[in-house]
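Trainee: I would like to go through this model with you step by step, and I will ask about one feature at a time.
Mentor: Please do, and we will take each term as it comes up.

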Amino acid sequence: MKKFSIENQTLLVALIPILVMAILLENYLVYSRFSDLEDALLERSNLMVHELASSSEYAVFSNNIALLQHNVDEALTRHDVSRVVVLDALANPLMGGGWSGQYEALLKNASTYQNDEFLILREPILSTQINLNDLDHESGLTQINAKPLGTVIIEISKQRLTGQKRTILLYSFAITGIILLVSLLLALWVGRRITRPIRGMSHAINRFGEGALDTRIALQSEVLELNDLAAGFNRMAQKLQLSQETLETRVAERTAALATSEQESRTLIENTPDTIARYDRNLRRSYINPAFRAMMPDGNNALLGKKPSEAPGGADAIRYEASLNEVFESGVNRHFELIWLGIDGVAHSSDIQLTAERDSSGIIISVLAVGRDITELNRSKDEIKRKELAKSQFLAAAGHDLRQPLAAANLFIDALRYTEPTVKQNQIITRLDQAMCTFNNLLDALLNISKLDAGIIKPKYASINVIEIISWLEQSYAPIALKKKLGFKLYFSMKEALVIHSDIDLLKSVLMNLVSNALKYCATGAILVSARRRNEEILFQVWDTGMGIKPENIPQIYDEFYQINNPQRDRSSGIGLGLAIAKRAISLLESNIECRSMFGRGSVFSFRLPLDKSQSTLVSGAEAAPENMALASFAPGKHFVVVEDDVMVAEALCDALVMMGGEVQCFHNAEDALNNALRADYYISDYMLGGELNGIQLLNQLHKKHGIKAVLMTGDTSVSFIKETGNCVWPVLHKPVNMAKLIAELNIQ
Amino acid sequence: VLNHFKLFFLMLLFYTASPAFAQISNDSIQVTIVLSEKRGSYEEFSNALDALLIARHIPHRVIAATDPIPSSGLLIGVGTKAATAVAASDATSVLNVLISKERQLSLLHDFPARAAAHTFAAIYLDQPISRQAHLIAALLPGKKNVGILYSSPPQAPMRQTLKALNLNLQEQAVDPATPLPEALAAILSRSEVLLALPDAPVYNDTTIRNILLSTFRSGIPLIGFSQGYVKAGALCAVYSTPKQIASQAALLILQYGVNPQQLVSQYPLEFEVLVNEQVARSLGIKVKGASALHDEIDIKEAP
């Protein structure tokens with residue numbers, strides 16, 4: 001679309017209506033004026049011809065040609081009268097006779113004829129009537145007045161009319177022109193009043209855009225809105241200028257701060273003992289710091305712009321360049337330990353942190369290498385290792401040697417018991433026994449640590465089913481948790497048989513230490529032990545809702561004898577070697593323990609062990625059915641009858657079932673059970689019972705009564721039992737009974 | 001003076017005869033006034049006559065020329081139209097008024113039975129030529145040649161009458177061979193005064209202006225025969241008013257009552273003289289006053 005300026009728009013808006021109006025008005029006025037003029041001419045001509053006819057009456061009557069000539073001459077002096085013809089009653093021409101024929105032809109019977117050039121009028125010359133009031137004449141019998149005396153024909157020229165018309169046209173055009181001109185000027189003037197300030201504003205905005213923030217628009221327009229606009233612009237400009245100034249001040253401040261900080265950094269870089277170098281894509285150094293420079297004589301020339309293989313060179317240089325390339329390609333920062341020959345002619349070892357440096361678009365442009373000379377550090381580490389090993393070897397040796405007198409002491413304590421001591425002495429013996437026991441434990445633990453440290457213990461790898469570990473935890477710690485009124489939950493996947501490749505003793509020692517610690521430091525709430533598959537690993541986690549560990553304390557918890565909140569070294573809280581042992585044990589299994597904790601809320605310790613892929617298979621079909629069910633979800637709402645003559649075992653089994661949510665009736669012999677047991681979902685019986693009936697017989701009898709689901713337990717491996725079980729229909733579990741196995745057996749019935 | 005005397009005589013006749021006439025009229029005179037038109041001079045005449053007849057207890061009625069004309073009694077035809085209608089009717093006794101002598105004669109010519117019966121009379125509108133001659137003599141003592149224009153020759157013995165007053169008659173006929181402008185030019189070249197006659201083809205509303213203009217141009221005064229001529233520009237005229245004719249008609253009705261066979265056509269007895277002094281001044285003629293002229297004519301007409 002074509003674009004117009006405001007000025008053009010104003011012109012159009014102002015001129016078009018005026019033009020239209022002017023043309024219409026002009027047309028109307030000119031037309032009406034023309035018709036007025038024509039009417040006037042016609043009227044005047046009519047008057048003239050009438051007058052001539054009247055005045056010629058007597059001349060024609062009397063045939064007075066002189067008089068007629070006089071009248072005609074007078075008529076011809078009038079404006080526009082160009083020719084006069086007078087005819088007598090018989091149409092004989094009296095005056096201007098030559099034209100009469102032509103006129104008559106034009107007029108035919110009409111009284112007027114006109115074309116663009118002239119107007120012809122005809123008027124009969126009639127006698128003037130004078131009323132004589134003559135009575136006798138009123139009869140009208142001899143009226144002779146109807147006949148005209150003659151005819152006057154007059155030709156009126158339209159030349160003057162045409163002139164007048166032309167003048168009118170000229171004037172009206174002139175007036176229209178003047179109106180248009182005035183409108184044009186007015187519109188231009190009005191347009192300018194708007195465009196000039198707008199142009200001013202536009203200039204100001206341009207200058208403002210070019211950075212002249214002190215630009216202001218002078219408020220001079222007579223158009224209110226433009227003044228508002230200008231005022232608005234000025235306000236905006238002022239604010240922008242102000243903020244720009246503030247910004248500049250800030251930038252200046254920041255720049256100064258940056259310069260200071262840069263100076264500081266430079267000082268730091270130049271004075272740091274660490275070597276700093278920047279490598280470009282060609283692996284040439286583009287920057288080295290003074291520490292680096294000091295590595296070689298004439299460091300700058302020798303090192304700047306050189307590859308590591310060129311200077312200082314050495315056996316590791318090619319490997320180092322490969323590492324640098326790797327960082328350039330992968331963008332992953334890494335460490336490199338470089339061994340190089342120093343000025344002093346001694347081999348140095350540097351731990352170099354390689355950091356990729358990127359430009360704004362994320363492309364790696366250089367690699368920063370910050371190196372620290374760890375020659376001394378390595379030397380002291382080796383020293384420490386050597387000392388540790390010595391310590392462990394010493395401890396191991398000492399431990400072995402300490403055990404001999406300790407065993408003797410224990411024997412002596414036992415011996416003391418048989419010397420019939422007094423009650424007082426008996427108390428002392430008991431305490432001594434306890435002290436010896438603690439000492440024994442401590443010694444065991446210390447020996448364990450030393451064995452681990454000394455590398456005496458070597459892991460014996462085997463396939464371990466996770467269920468086995470879980471069952472062991474259940475048996476070992478569920479009663480303790482119950483006693484402390486703590487929740488104790490075990491979680492593991494039953495969808496697949498998880499088998500790890502590890503050392504069971506070391507694993508148990510790790511879990512034992514973690515779980516017992518959890519139980520120790522957990523006053524209320526619960527403990528959860530979980531084993532989950534994570535890709536090719538099993539993640540073991542021990543959760544507790546205990547007191548938690550402050551973040552700053554976490555690195556220390558693995559130290560020997562470190563105990564939180566036990567600066568008095570209260571022995572009842574343990575000896576503080578648990579986590580130290582666990583850490584050492586897990587590191588032997590090539591893993592490590594992680595700890596996360598929220599102080600006051602609880603902690604979680606976790607470690608990973610590799611999956612034995614050859615053994616771990618998805619459990620499927622009927623075999624999987626019982627496994628699909630979590631241990632905890634089997635018992636709730638179920639009734640159990642336990643028949644066991646060993647009170648300890650019975651109690652432990654009953655506690656375990658109750659803890660799992662079951663309702664348990666416990667009997668110590670078969671007869672009691674037969675008589676008193678209520679109907680239950682499951683029956684668990686020992687083989688060897690105190691009464692007449694053994695377990696198989698009991699279960700058979702109960703089965704006869706109401707058809708039961710049951711499991712037989714036994715610790716007996718005698719030949720007679722094995723013979724008996726040949727006829728046994730019940731599943732047999734050998735003690736110590738694994739809870740998971742027990743439930744699995746019950747569940748499949 | 002003579003005029004007053006005449007009037008006195010008439011009045012005397014009226015009043016002395018009245019009881020006897022009343023008696024007679026009541027029994028024998030039936031007057032019907034037939035009007036050509038109910039306007040102007042006709043109405044003026046009718047009203048004047050009506051008043052006089054009422055005073056005389058003569059029964060009468062007024063009808064229009066288009067109404068059925070009664071056959072008995074005396075019929076007064078007012079104007080040419082009424083006169084023509086009455087002439088055509090069965091009416092026995094007729095007295096026409098406001099009619100030119102020429103018209104009355106032409107009616108008698110048209111209806112020959114009327115002429116024989118002697119009961120078809122008129123009071124002419126025309127003034128007697130002698131009265132006109134007296135007027136010219138009194139008004140323009142120096143002018144001898146009196147011109148007349150006519151379409152048909154006048155009946156009256158005009159030449160003798162004028163001769164008696166030492167005036168010469170100049171005549172000019174208007175006919176197709178000599179149209180009015182030429183006839184006028186011819187007569188004006190021979191006359192000192194033009195006397196208009198009640199000859200309608202020559203003197204009418206249409207022609208009068210140009211006739212008057214021609215006479216003015218020639219410096220010859222025109223003598224008219226009615227008020228209208230004087231108003232239109234004639235120098236002078238003798239004429240009778242409708243009222244004067246009504247009085248004369250009433251007298252004739254009374255005479256008819258006495259002797260129904262005595263109806264005789266006659267000129268108007270009473271007259272008026274009217275002078276257009278402006279015209280006289282324009283023509284440069286010194287004229288006497290109208291009443292002086294009237295008296296002079298009266299004296300000259302006295303027997």
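Predicted model: local features only at pLDDT ≥ 70, side-chain atom pairs only at ≥ 80, totals over all residues.

Trainee: Which residue in S4(B) does Gly77(B) stand opposite?
Mentor: Residues are numbered from 1 along each chain as its sequence is written, chains are lettered from A and ligands numbered from 1 in the order in which they are written, and side-chain values use heavy atoms, leaving out hydrogens and water. Strand S3 (residues 74-78) and strand S4 (residues 93-99) of chain B pair in the parallel sense over five bridges, where strands are DSSP runs of E with at least two residues, helices are runs of H or I with at least four, both numbered from the N terminus, and pairing requires at least two DSSP bridges. Across this pair, the residue in S4(B) that stands opposite Gly77(B) is Asn96(B).

Trainee: About what angle does the direction of helix H3 of chain B make with that of S3(B)?
Mentor: Helix H3 (residues 79-88) of chain B packs on the sheet and touches strand S1 (31-35), S3, S4 and S5 of chain B, contact being heavy atoms within 4.5 Å. Axes are lines fitted to C-alpha atoms, for helices over the stretch in contact, and angles run from 0 to 180 degrees between N-to-C directions. On that scale, the direction of H3 makes with that of S3(B) an angle of about 145°.

Trainee: Which strands of chain B are the edge strands?
Mentor: Five strands of chain B form an open sheet with parallel pairing, in the order S2-S1-S3-S4-S5. An edge strand here pairs on one side only, and the two are strand S2 (60-64) and strand S5 (120-124).

Trainee: How far from a polar atom of the side chain of His294(B) does the backbone oxygen of Phe271(B) lie?
Mentor: His294(B) is placed in helix H13 (residues 290-301) of chain B. His294(B) counts as buried because its relative accessibility is 12%, where buried means under 20% relative accessible area, exposed over 50%, and partly exposed in between (1.4 Å probe, protein chains only). The distance from the backbone oxygen of Phe271(B) to that polar atom is 2.6 Å.

Trainee: How many disulfides does the structure hold over all chains?
Mentor: A disulfide is a pair of cysteine sulfur atoms within 2.5 Å. The count over all chains is zero. Cys654(A), for example, is in no disulfide, since its nearest cysteine sulfur, that of Cys666(A), is 3.4 Å away, against a limit of 2.5 Å. The number of disulfides is therefore, by that definition, zero.

Key. Polar contact = N/O pair within 3.5 Å; in protein donor to acceptor, adjacent residues only side chain to side chain.
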